[in-house]
Amino acid sequence: MVSSPEKSKSEVGRRNFLKTAVVAGAATTLPDEVSAADSPTQAIKSDAQTKRGLAAPSTEQMNMEASTPDQLAEASSEQLASSNSADTASSFGSDFMIDVMKSLDLDYVFSNPGSSFLGLHESITVYGGNSKPEFITCMHEESAAAMANGYYKAALKPAAIMCHGTVGLQHAAMNIYNAWCDRVPLIAILGNTIDAADRMGGTTWRHSAQDPAAMVRDFTKWDDQPASLQAFAESMVRGWKISTTPPMEPIALTVDSTLQEMKVDDRDGLAIPKFTPSEPPQGERGAVRETAGLLVDAESPVIIADRLARTPEGMSLLVELAELLNAPVIDIASRQNMPTKHYLNQTRQSGRLISQADLILGLEVTDFWGQINSVNRAEMTSEPRVKEGVKLITISVNDLYMKSNYQDFQRYAPVDISISGDAEATLPVLIEEVKEAMSRSRRRTLSQKEKMFRKMHADSFEESRQLAASGWNSSPVSTARMCMELYEQIKTEDWALVSVGASERFVSSWPHRLWDIDEHYRYLGIGAGGGVGYGLPAAVGAALANKELGRFSVNIQCDGDFMYANGALWTAAHHRIPLLTVMHNNRAYAQETMLVQGTANRRKRGVDKAPIGTVIQDPNIDYAKLAEGMGVWSAGPIEDPEDLRPALIDAVKVVKSGYPALVDVVTQMR
Amino acid sequence: MKITDLANTLTFLCLFGAKFAVAQDISIERGEQTYMRVGCYECHGTDGKGNEAGPPLTPDTLPPEAIANFVRFSPGRMPVYPEEILSDAEIADIVAYLESVKPSPDADSIDILRALVSEEN
């Protein structure tokens, strides 16, 4: 079936291969319709000195794009012939691997090239035609993992990353951890050379490991290192299935370089197993019925939702349940669970409602303890914020899968009913049981709450609207002004706020306070592990998905986060990914500035030194210039709020023409 | 402000109000410098207009006595500022600075925020 690779394969030098890959990649990743006439500089003309245009593609680039498939094939053949002519006629193990990926309808592989997965790289671009999957060039493996993370949350479809099982995975680990904490499926393909006799000295040894996936085993759901192509097929399909079954998590698959290079003499002898998605686990009916009865009888129930809405259906179901009960919803919004303008979205009143509740239902809440207790981090104290006798009920997959080492599972929360099951999959049954348990008179009684909640919602909205005016003309620009000027320019588009970095609170939660977030895809949550370097690349990955879905992607980008992974901007420029990035440039790691200062105050040792190590000044970073250097249209730095609107108008035009744009706004801390 | 905080403030005013009543050499410029140096701007904005991390301190700035009480005994997220690191005189300067800040426009006078009303209804 398969024959051992010839040792002469090592003669296929990396340099020669890369030349081939570059030629093939350029032809297939740059859109055909791109021409000098529709470059960003043409798309938008502006005389403002702060605006910088992207140069049109060079003649060389255009010539490369203009190459015919035959010309490219010839170039590829020449490269291969110069290394080993016998290989061109064969099918390789990595070709079969691509067949397996195609069977799963994998759209993208986010990767930075590396020698331990040369075979796969070449098979993607040449054998697979660089389509399903397409190779997305990343400038850091951490960015690749974040892009796959963001891509999933927009497309609701997993993507893969590909990296060295050693040095590449060390880079990628942090955003794999973010995906783990965020319950995002992600397929990590790790290059490795298992057989020491196949390692050709030097780097090939440093890039090999006995057990590469060990490094991420604490925050992946499953991993494998298949020893044959048939085993690869089964492991890839199994891994895909495991990763996409709630609780969804990343998986890792180590792919041997020798296996990639194996010649396949009998392709028909290899079978690709059929993928059948697992139905998500549903809560036990009896416990769901009991919950429904308690909900109907409760006088002041509160629903808390965190990662409930895996899909748009989750939002529809939550609205239906909340309206049946006229129960307020606190949306923690790791996914967008509840429309912001719905009168039962009472997130801004969470403290008051939770403290008065006689029943609290937590739906996929990772930190339920944190919701029912208040903590004082400085004093290291906590106290319950619920009243005595409150019924506590949780529906989640939290208990179905967790690991020991990393402590993202949060503090243990004692509850009255704990239902293990996917909340979105369980809601239809719960709704059915609530309808069953609800008498007509009870329904009438509960409906009388609507007026009160409508007023509470309106009052909360008005309070936020008034607060947004505070500091409207300030310089640095207030986060309210920045967010609302941005919203004004995008609200008529089919927009999606694809990232706000590690926390929306960094911009005082203005989008959730005042934007009409009425669809599941309009908000994708945060970098759940709190690892910095998520925001920009996750936004690029999500924008790639949204490009195909016709959505206008917006990223509110914190400056500290930006500097971890700014190469992602180049990826956006190179792959023509339309994305509007607005810099929340407060020139600091503001959260840490506050925390260090709080500590210094508590110790009565002054505050003068709090900025040391926490501010990003002297020199100030020119993000617009950085963006320009990577081929991205940009404007700024904007310090006068009056300059913001015209810059955003121009930037929206650029993005609507299919390109990324960045507007650097010098902002208040929060 | 919680009732307990208010009670603390009133007690403080009774006990220590006289200290602030003494005429001082108050400086708006020095107040701004101190406001920035001790990090008030981090949560309340460079001109005291506030955000989610800290409420607006202007307009309607509290008197120095009340602010002193709050920062000395803050029970919540607000970092405590003992007198060793922020004196009463410095607080008086800060209050002078905050009182000098130009008021923000009303929400209804801002086109973007005014439009939200019709969208909400």
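Here, "partly exposed" sits between two cut-offs: buried means under 20% relative accessible area, and exposed means over 50%. Keep that in mind as you look around this predicted model, which has a chain A of 670 residues and a chain B of 121 residues. Let's go through the chains, then a couple of helices, then the charged pairs and a surface patch.

**The two chains**

- Chain A has 26 helices and 22 strands.
- Chain B has 6 helices and 0 strands, so its pattern along the sequence reads α-α-α-α-α-α.
- In chain A, 58% of the 670 residues count as buried, while in chain B 47% of the 121 residues do.
- Now look at contacts between residues with a separation of 6 or more: in chain A, 83% of them come from residues 24 or more positions apart. For chain B, that share is 60%.
- Chain A exposes about 26000 Å², with carbon and sulfur atoms supplying 50% of it.
- Chain B exposes about 6300 Å², and there carbon and sulfur atoms supply 61%.

**Helix H8 of chain A**

- Find residues 167-181 of chain A: that's helix H8, with 15 residues.
- From first C-alpha to last, H8(A) reaches 22 Å, close to the 21 Å expected at 1.5 Å a residue.
- H8(A) also has a bend of about 45° at A:Ala173.
- This helix is mostly covered, with 11 of its 15 residues buried.
- Among the buried ones are A:Leu169, A:Ala172, A:Ala173, A:Ile176, A:Tyr177 and A:Trp180.
- What do the buried residues of H8(A) pack against? Their partners in chain A are helix H7 (141-155), strand S6 (160-164), strand S7 (186-192) and strand S9 (250-256).
- After H8(A) you'll meet A:Arg183, which has a positive phi, near 55°.

**Helix H26 of chain A**

- H26(A) has 13 residues, which should span 18 Å at 1.5 Å a residue; the end C-alpha atoms are 18 Å apart, so the two agree.
- The buried residues of H26(A) are A:Leu644, A:Ala647, A:Leu648, A:Asp650, A:Ala651, A:Val652, A:Val654 and A:Val655.
- A handy bit of background for reading that list: an α-helix has 3.6 residues a turn, so residues three or four places apart point the same way.
- Just after H26(A), A:Gly658 takes a positive phi of about 105°.

**Salt bridges**

- Over all chains, the structure holds 40 salt bridges.
- One of them joins the side chains of A:Glu642 and A:Arg481, at 3.2 Å from N to O.
- Where do those two partners sit? A:Glu642 is in the loop between strand S21 (633-638) and helix H26 (644-656) of chain A, and A:Arg481 is in helix H19 (residues 479-490), so the pair links distant parts of the chain, 161 residues apart.
- Is A:Arg481 buried or exposed? A:Arg481 has a relative accessible area of 4%, so this residue counts as buried.
- Another salt bridge pairs A:Arg522 with A:Asp518, their closest N and O atoms being 2.6 Å apart.
- A:Arg522 has a relative accessible area of 9%, so it is buried.
- Over in chain B, B:Arg72 forms a salt bridge with B:Asp88, and the closest N and O atoms are 2.7 Å apart.
- That chain B pair links distant parts of the chain: B:Arg72 is in helix H4 (residues 64-73) and B:Asp88 is in helix H5 (residues 88-100), 16 residues apart.
- Both B:Arg72 and B:Asp88 are buried.
- Back in chain A, a network of salt bridges links A:Lys153, A:Asp182, A:Asp306, A:Arg307 and A:Arg335.

- Which residues make a nonpolar surface patch of about 270 Å²? They are A:Val532, A:Tyr564 and A:Tyr589.
- You'll find A:Tyr564 in the loop between helix H22 (559-562) and helix H23 (567-574) of chain A.
- With a relative accessible area of 47%, A:Tyr564 is partly exposed.

Note on methods: Residues numbered from 1 in each chain as written. Chains lettered and ligands numbered in written order. Predicted model: local features only at pLDDT ≥ 70, side-chain atom pairs only at ≥ 80, totals over all residues. Heavy atoms only, no water. Patch = residues over 30% accessible without salt bridge, like charges linked within 9 Å, V, L, I, M, F, W, Y side chains within 5 Å. Areas by Shrake-Rupley, 256 points an atom, 1.4 Å probe, with all protein chains shown as cover. Salt bridge = Lys/Arg side-chain N within 4 Å of Asp/Glu carboxyl O. Helix = DSSP H or I, 4+ residues; strand = E, 2+ residues; numbered from the N terminus. Buried < 20%, exposed > 50% of the residue type's maximum accessible area, 1.4 Å probe, protein only. Expected span 1.5 Å × (residues − 1). Bend = angle between axes of the 7 residues up to and from the residue. Contact = heavy atoms within 4.5 Å.
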